[in-house]
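This briefing goes through one structure by topic, beginning with a strand and ending with the ligands. Please keep the sequence and the 3D view open while reading.

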Amino acid sequence: MAQRDARGAVSVRGDTQHPANLGRLCVKGAALGETTGLDGRLLYPEVDGERATWEAALDAAAARFGAVIEKHGPQAVAFYASGQLLTEDYYAANKLMKGFIGAANIDTNSRLCMSSAVVGYKRAFGADAVPCCYEDLEQTDLLVFVGANAAWAHPVLYQRIAAAKQARPAMKIVVIDPRRTATCDIADLHLALAPGSDAGLFVGLLNALADAMPSEAFDGQAQALAAAREWSVARVAQFCGLPEAEVARFYDWFLRAPTAMTLYTMGINQSSSGSDKCNAIINAHLASGKIGRPGCGPFSLTGQPNAMGGREVGGLASQLACHMAFEPADIARLGRFWGSERIAQTPGLMAVELFDAIGRGEVKAVWIMGTNPAVSLPDSDAVRQALARCELVIVSDITAQTDTAAFAHIRFPAQAGARKTGTVTNSERRISRQRPFLPAPGDTRPDWWIVAQMARRLGHGEAFAWQHPHEIFCEHAALSGFENDGARAFDISALATLTREQYDALAPLQWPVTAQQPQGTPRLLATGEGWRGGRLNMVAVTPALPQARPAAAYPLWLNTGRIRDQWHTMTRTGSVARLMQHQPLPQVVMHPSDAARAGIGDGDLAEVASAQGFMVGWAALSDAQPPGALFAPMHWNARFASHGRVNTLVAPVCCPHSGQPESKQTAVRLQKRHSAWQGELFCRVMPPLAPDMLWWRRALDGCLHFTLAGRTPPHGWLRQLADSEGWQIQYADGVGGFHALAWRDGALMLAFYSAQRRPTVQTETIAAAFSAPPASAAARHALLGGKGAGNAPAKGRIICSCFGVGENAIRAAIANGCDSAARLGDALRCGTNCGSCIPELKALLAQTASLPEAANETRGGERVTLEFGEEFLARQAGGQVGR
Ligand SMILES: Nc1nc2c(c(=O)[nH]1)N[C@H]1C(S)=C(S)[C@@H](COP(=O)(O)OP(=O)(O)OC[C@H]3O[C@@H](n4cnc5c(=O)[nH]c(N)nc54)[C@H](O)[C@@H]3O)O[C@H]1N2
Ligand SMILES: Nc1nc2c(c(=O)[nH]1)N[C@H]1C(S)=C(S)[C@@H](COP(=O)(O)OP(=O)(O)OC[C@H]3O[C@@H](n4cnc5c(=O)[nH]c(N)nc54)[C@H](O)[C@@H]3O)O[C@H]1N2
Ligand SMILES: [Mo]
């Protein structure tokens, strides 16, 4: 829930009445107030780089898009949409492409996220239907996280599970992930399996369950069991690189637990055999009867705000609206409902294929809505080339400058989440009404409105005459029930007649919502029957390893994913200072043995290269990382770093059933990247950099902030810059590095601090000097030293981003007797909001407990804090940002 104060500042708190989060918010949600500002927002339509009116922009877009259809046919155009859209937006886009343009070339970023899970459910149940609900989490005996780092990616859900575990310690938690992640904090067992080997583990589990199964309970059972027969514990252990005893322990727990849930996310879906992995998990639940009842089930967690809504309206190129398929009966049904004779007859291009087709010139016009494919698709350099070549690129976005928008001919300013009205669906099929809490700025419009305006101009006005999302929702609800005799799981027909007032007041509900179940349906599959034919199906799975295979030239694995405080391509979170403090620079996390082999030390610059491309990050040595495998974040892009895009490395290899790319496994090599100096640059506008410089942009309130690294001394570059700008420059050399301040008319224009390794400087004080320049010579001297004028104690690395609590304060509190995460929370508030820092608080507690006596020595009062602070600063000077 969001509120605005008298001055218009936004504050956000959780809705304690919402059944899904019970009032908790993650740090990104809690920082919504900071991310809803208008800085960097796209506020006006643009045509060929010039601001335009809506009339002009829509006319131009429709004329150019229509001309491509006219000349080359409907298969020459495409939409690429997103789980950032609301259900009503998504419905409109899908209806236009599949119903009226007459091609199925609308795909979405959910292809990179959920498409394997969709295939898994459809093959098993006959429908894309998540059987579980969040309440099951409190009722289960065994909870298995597979390829899910929920502590960071689903912190609210994770805290709910952590609380359940605390209340009922007998509940067992297993984490299956090659890395030891923060999620392992509450685990009874962590299986650090070999990358991509999960199917072996679950096929072996099916084998272990086989004897106790009634015969012919499911379609496909005999084939599935036959495929599993050879998968003994010993073979699984070998395939997965795990000790036999650990595999046996997991199987034993699963067999004996009266109820069990498997929560799976990107470590499963983003795989060249992702669909089979999903079915291997579902098979184990079917075989053990751990499905369709409380505390049970295979639970695919979704990531984006409305990935699920997209699946319901048919946002993926491989399906039609409301769970209909490309079958003659469904196509005809849709034609009747929409009153169109142009319904797409065959599936369209899936994301990776789509951008290939753009690259080959077969698709000549693309409209991208709410996603940033130049960053998030694999082989993203090829995606950029394709976009650069494309005849017509239309982008609807809320952010002015994204890597993708740089290729746009026409840009439409959409309304952002906080300003939109409509519905979204979460992982447990719960539809929530989203209400705007901010007025729409500039000329921004809702996405559905933009689509409808385009549809009218393309000649389909009648079918897109909506005045309000309420009408779209009711149409969507009516379609879900249209000629639906129970064959289609998605049915919300009881909502088709909502009045505007009822729609506005809609309480969160789980679909199906029908005449029989008007209050919604928490769990599915209770009767043991599926959809489209009834019987549930087991899929025979032959475990396959990733297509990427580390070998001579590229001997290591690269795993990619999320970090705690960043969101996707950073359009929401990258400019929020407090979200950039936890991991301000992209880290390449590696096991110390791999680092040693490459001659890399903690905090060194690390270059990672694959057959596709390379990136540069900052080495973070950690034994939580398995030997032979690196981890790099997916977030950094060309707006935030010169060489930070991880998807330049990832190959466009996809699961044949789902089209989902293998984003978690890439074969790479690692080498140290040498630099003569590293530095911190603070400035009002970003100056031109020298060609040999690497840069990373960092969020800071008060000025711009960049971390730089260069090969040739920076003196010449700075001198030239100062000359061309007419700045007065103050230098300090030999202070362990080279520092410079640039002034104009008494105002600070730039501050630069370099050393051989990234120097530690007092960022906040330096930023403050841009608005209030230091008055005395001594203060200016201190500023040049990088220390700032004040003596504000450095906070150290920010651990709790919700309340801005730094490592130093936490260590001091521990030294003063706080001996648990809960006590630290009482004293400092850290960990008491989203809780995603609790694993780190515990790690600090454990570290401090094991410190040698000498380090705890007090040399008078608060000296302890400083001591730790100095130690921290020394380490940070060495570049070690993480643990
Ligand atoms: N902070 C933050 N939270 C987010 C997002 C964000 O951008 N930032 N995005 C949201 C979105 S859209 C999504 S889809 C979710 C994703 O949520 P998650 O899937 O939990 O996040 P990831 O970090 O992509 O990957 C999860 C884990 O898969 C592991 N993994 C890699 N390879 C394998 C493997 O072969 N087997 C197994 N078992 N595990 C493997 C990785 O080590 C990683 O810990 O997060 C959502 N939440
Ligand atoms: N290597 C690797 N690659 C990955 C992943 C990975 O783990 N590893 N994860 C994949 C996954 S799971 C996902 S979900 C994708 C995410 O990848 P993207 O979808 O590319 O990432 P976002 O940053 O969420 O892009 C959303 C864009 O939509 C804009 N936007 C936000 N709200 C709205 C709105 O209401 N309307 C409109 N029109 N625009 C809006 C934002 O400004 C932003 O430009 O990345 C995928 N790529
Ligand atoms: Mo996602």
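Buried means under 20% relative accessible area, exposed means over 50%, and partly exposed lies in between, with a 1.4 Å probe and protein chains only. This is a predicted model, in which local features need pLDDT of at least 70, side-chain atom pairs count only at pLDDT 80 or more, and totals for chains, interfaces and linings use all residues. Residues are numbered from 1 along each chain as its sequence is written, chains are lettered from A and ligands numbered from 1 in the order in which they are written, and side-chain values use heavy atoms, with hydrogens and water left out.

- S5 covers residues 77-81, and because 5 of its 5 residues are buried, the strand is largely enclosed by the rest of the structure.
- Helices (H or I, at least four residues) and strands (E, at least two) are DSSP runs, numbered from the N terminus.
- S5 runs parallel to strand S12 (residues 365-369), and 4 bridges join them; two strands pair if DSSP finds at least two bridges between them.
- Within that pairing, Val366 in S12 stands opposite Ala78.
- S5 also pairs in the parallel sense with strand S6 (residues 106-108), over 3 bridges.
- The bridge partner of Tyr80 in S6 is Asp107.

**Strands S10 and S11**

- Strand S10 (residues 260-264) and S11 run parallel and are joined by 4 bridges.
- Thr262 stands opposite Pro298 in S11.
- From S11 (residues 297-300), Gly297 and Phe299 point one way and Pro298 and Ser300 the other way, and all are buried.

**Helix H3**

- Helix H3 (residues 54-72) has 19 residues, which at 1.5 Å a residue should span 27 Å; its end C-alpha atoms are 27 Å apart, so the two agree.
- The expected span of a helix is 1.5 Å times one less than its number of residues.
- The buried residues of H3 include Trp54, Leu58, Phe65, Val68 and Ile69.
- Also among the buried residues of H3 are Ala57, Ala60, Ala61, Ala62 and Gly66.
- Gly73 follows H3 and has a positive phi, near 90°.

- Gln660 lies in the loop between strand S22 (629-633) and strand S23 (666-672).
- Gln660 is buried, with a relative accessible area of 0%.
- The side chain of Gln660 reaches the backbone oxygen of Cys113 at 3.3 Å, and a polar atom of that side chain lies 3.0 Å from the backbone nitrogen of Ser116.
- Arg384 is found in helix H19 (residues 380-389) and is buried, with a relative accessible area of 13%.
- The side chains of Arg384 and Asp403 make a polar contact at 2.5 Å.
- A polar contact is a pair of N or O atoms within 3.5 Å; within protein, one must be able to donate a hydrogen and the other to accept it, and residues adjacent in sequence count only if both atoms are side-chain atoms.

**Ligand 1**

- Ligand 1 is surrounded by 34 residues, the closest being Asp177, Gly196, Asp198, Arg562 and Gln566; a residue is near a molecule or strand if one of its heavy atoms lies within 4 Å of it.
- By class, the shell around ligand 1 has 12 nonpolar, 15 polar and 7 charged residues.
- Ala, Val, Leu, Ile, Met, Phe, Trp, Tyr, Cys and Pro count as nonpolar, Asp, Glu, Lys and Arg as charged, and the others, Gly among them, as polar.
- Helix H7 (150-153), helix H13 (266-269) and S18 each supply at least two residues of this shell.
- A nitrogen atom of ligand 1 is 3.0 Å from a polar backbone atom of Ile176.
- A polar side-chain atom of Asp198 lies 2.6 Å from a nitrogen atom of ligand 1.
- Taken alone, ligand 1 exposes 910 Å², and the protein buries 99% of that; accessible areas come from the Shrake-Rupley method with a 1.4 Å probe, and for residues only the protein chains shown count as cover.

**Ligand 2**

- Ligand 2 is surrounded by 32 residues, and the closest are Asn109, Ser376, Asp397, Thr399 and Thr569.
- The shell around ligand 2 divides into 8 nonpolar, 19 polar and 5 charged residues.
- A polar side-chain atom of Gln270 lies 3.0 Å from a nitrogen atom of ligand 2.
- A polar side-chain atom of Asp397 lies 2.5 Å from an oxygen atom of ligand 2.
- Ligand 2 taken alone exposes 920 Å², of which the protein buries 98%.
- Strand S13 (392-397) and strand S18 (556-561) are the elements that give two or more residues to the shell around ligand 2.
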